[in-house]
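These are my notebook entries on what I looked up in one structure.

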Amino acid sequence: SDTWLQVLGYQRADVIGCLSSDFLTPESQRRAREEVLPAFFRSGRCERVEYQMLGGDGSVLDVELSAVLERDDRGAPVRSLAVLENISARKRLAAELGRTHAHLDAIVANLPALLGYWDAAGITRFANREFQAAVGLPMQQIIGAGLRELWLEFDAAGYAALAPHVAAVLAGQRQEFEIALLTTDGLRQLRATLVPDQSDPKRVAGFYGLWYDITGRKVLEMRLGDSELRYRSLFDNLKGGFALHELVVDSAGKPVDYTFLAMNAAFSAMTGIDPARAIGRRVTEVVPGVAADPADWIAVFGRVVLDGEPVHFEQHSADLDRWFEVVAYRPAAGQFAVIAQDVTQRRQAERQIEAALKEKEILLKEVYHRVKNNLQVVQSLLRLQQGSVGDPIAHAALEDSVQRVRAMALVHEKLYQSGNLAVVSLADYGRDLLRQIGDAAGAAQRGIRLVAEIDPLHTGLDNAIPFGLLVTELVGNSIKHGFQGRNGGEVRVQLTREAGGARLCVADDGLGLRGDFDPVNAASMGLQLAAGLAGQLGGELVVLHGNGAAFGALLSRL
């Protein structure tokens, strides 16, 4: 075709009469000679074979080839019809997506907190290294385990406190709470955040869980009931920053400053304040720019002292250019204590994760959109070829190919239009596919009704395409052969969930089939293809008894 010549950069005279393998790279030539061509001449077809082709300027293009072998009356090969798609851009996008996934995995794996994801049934789908280290179980025992069963493995008494929060987050409510957890380091106090996964607007698909250790802070809160010696030991060795202050107010009672009374080494290290220079002095003397800081620390801590209500927040310090998680409370009249954690790295990691997820979504949408557009180009080329073919058999074969390409394009359209780029709703896809097949075949004008009864099932791209092609073949055969010589009728597509997978039934009330009809050994290429597609989905295509023609299969992979 002209497009083939244009993409590869050849003149027609340079290629007519040459072997197709002459335009492959040496490795692709080897693969064609040893693997693809022997199988092609045995089965009569090949699908989505990836090759590398040489352009006229010496460049290398990645292509995907699908072909059908035509034979003469004696079964000898005559010619093949091949369709090639330039997938170089898609390969580059896939490589970039892989790098993005690697960056995202590195960030998540190294977060200094316990992180995991559980689906709507409470099954563990992801856990980072911190989570594994805390619970002390091998990763293969964690992934795929129910949250309750997993929790009982390492902290049997602790799940009762977690259960109501899990129920609430699966109802769509974000949860923030503190919980005690028996880890490999002993009993720890954690702050937990559970966030519902609402990527599907119709339901909560699962939830993300984040836990980080606040044991040091909780120990400080209990210091008043402990001895001074024990308190001082904990105070000096806590990893979290702690400081005690006294509020300074003006004559009207308005907070204007505060004085440092005590601080531990961690507080000094994260703020850069020297205790020897700061203790007994006001903050405006120690940190001259504090009054101009947008965080307005003096006013915030002043309200804690005057109102007696503790606060917990994260705040960026303009003077230090760091992010801090801050807890402030009033231990005595006129005083406030601050417990601080430097969360700058976590905030940066969160921004990187958000950026990586957004980039992944954009890349996936672009891939699906481009694949759909490329399939539409193939469809248009087949339509053009169909218009120039006078032979009715060839014309019908091209029409079947058009319908198959349209079924594949519709899958990618559904993916990039949906909020979830990983799964296809078979109910939505099936209804749109029947509408598309009926419009192309003029079913409404012939009085033929197409009915879809499909349970709310979802599947990935690898299964959605063969499912769509299987339905296209069976429904197309019913419309084409089941109502010859008559108008009016019905073709019904049913897909129901069963224990072993999903049961598909495509039936019409047309002319029916011969009693000895075998779909596996049928002469029709469409039915042979349908039998192969059913096998690809883990099932076997069989003829069902009833009025008209009916085919069924239990598809274990759906």
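**Entry 1: Asp257**

I began with Asp257 and located this residue in strand E10, which covers residues 255–263. The model I consulted is a predicted one.

I then asked how far Asp257 is from the nearest side chain of opposite charge. That side chain belongs to Arg282 and is 4.1 Å away. A salt bridge requires a side-chain nitrogen of Lys or Arg within 4 Å of a carboxyl oxygen, and Asp257, although buried, has no salt bridge.

I next looked up the polar partners of Asp257. Its side chain has a polar contact of 2.4 Å with the side chain of Thr284. The side chain of Asp257 also reaches the backbone nitrogen of Val283, at 3.4 Å. With neighbours within four places in sequence set aside, I noted that Asp257 is in contact with Leu247, Val248, Arg282, Val283, Thr284 and Ile298.

**Entry 2: the nonpolar cores**

Which residues of the largest nonpolar core touch the most other members? I recorded Phe467, Leu470, Val475, Leu495 and Leu555, out of 39 residues in that core. Elements that each supply at least two residues of this core include helix H17 (426–441), strand E17 (489–498) and strand E20 (550–555). Helix H18 gives the largest share, 9 residues.

I also listed the contacts of Leu495, not counting residues up to four places away in sequence. Among them are Leu426, Ile454, Phe467, Leu504 and Leu558. A second, separate core has 27 residues, including Leu247, Tyr258, Ile273 and Phe336. Leu247 is also one of the residues in contact with Asp257.

**Entry 3: helix H18**

I returned to H18 and checked its length. The helix has 21 residues and reaches 30 Å from its first C-alpha to its last, close to the 30 Å expected at 1.5 Å a residue. Why is H18 described as largely enclosed by the rest of the structure? I found that 16 of its 21 residues are buried, so the description holds.

**Entry 4: Pro112**

Is Pro112 buried or exposed? Its relative accessibility is 61%, so Pro112 counts as exposed. This residue lies in the loop between helix H4 (88–109) and strand E4 (114–119).

**Entry 5: the whole protein**

Finally, I recorded the totals. The secondary structure comes to 19 helices and 20 strands. Of the 558 residues, 44% count as buried. Among contacts with a separation of 6 or more, 52% join residues 24 or more positions apart.

Methods: Residues are numbered from 1 along each chain as its sequence is written. This is a predicted model: local features need pLDDT of at least 70, side-chain atom pairs count only at pLDDT 80 or more; totals for chains, interfaces and linings use all residues. Side-chain values use heavy atoms; hydrogens and water are left out. Helices (H or I, at least four residues) and strands (E, at least two) are DSSP runs, numbered from the N terminus. Buried means under 20% relative accessible area, exposed over 50%, partly exposed in between (1.4 Å probe, protein chains only). Lys and Arg count as positive and Asp and Glu as negative; His and the chain ends are not counted. A polar contact is a pair of N or O atoms within 3.5 Å; within protein, one must be able to donate a hydrogen and the other to accept it, and residues adjacent in sequence count only if both atoms are side-chain atoms. Contact means heavy atoms within 4.5 Å. A nonpolar core is a set of buried Ala, Val, Leu, Ile, Met, Phe, Trp, Tyr and Cys residues joined through side-chain atoms within 4.5 Å. The expected span of a helix is 1.5 Å times one less than its number of residues.
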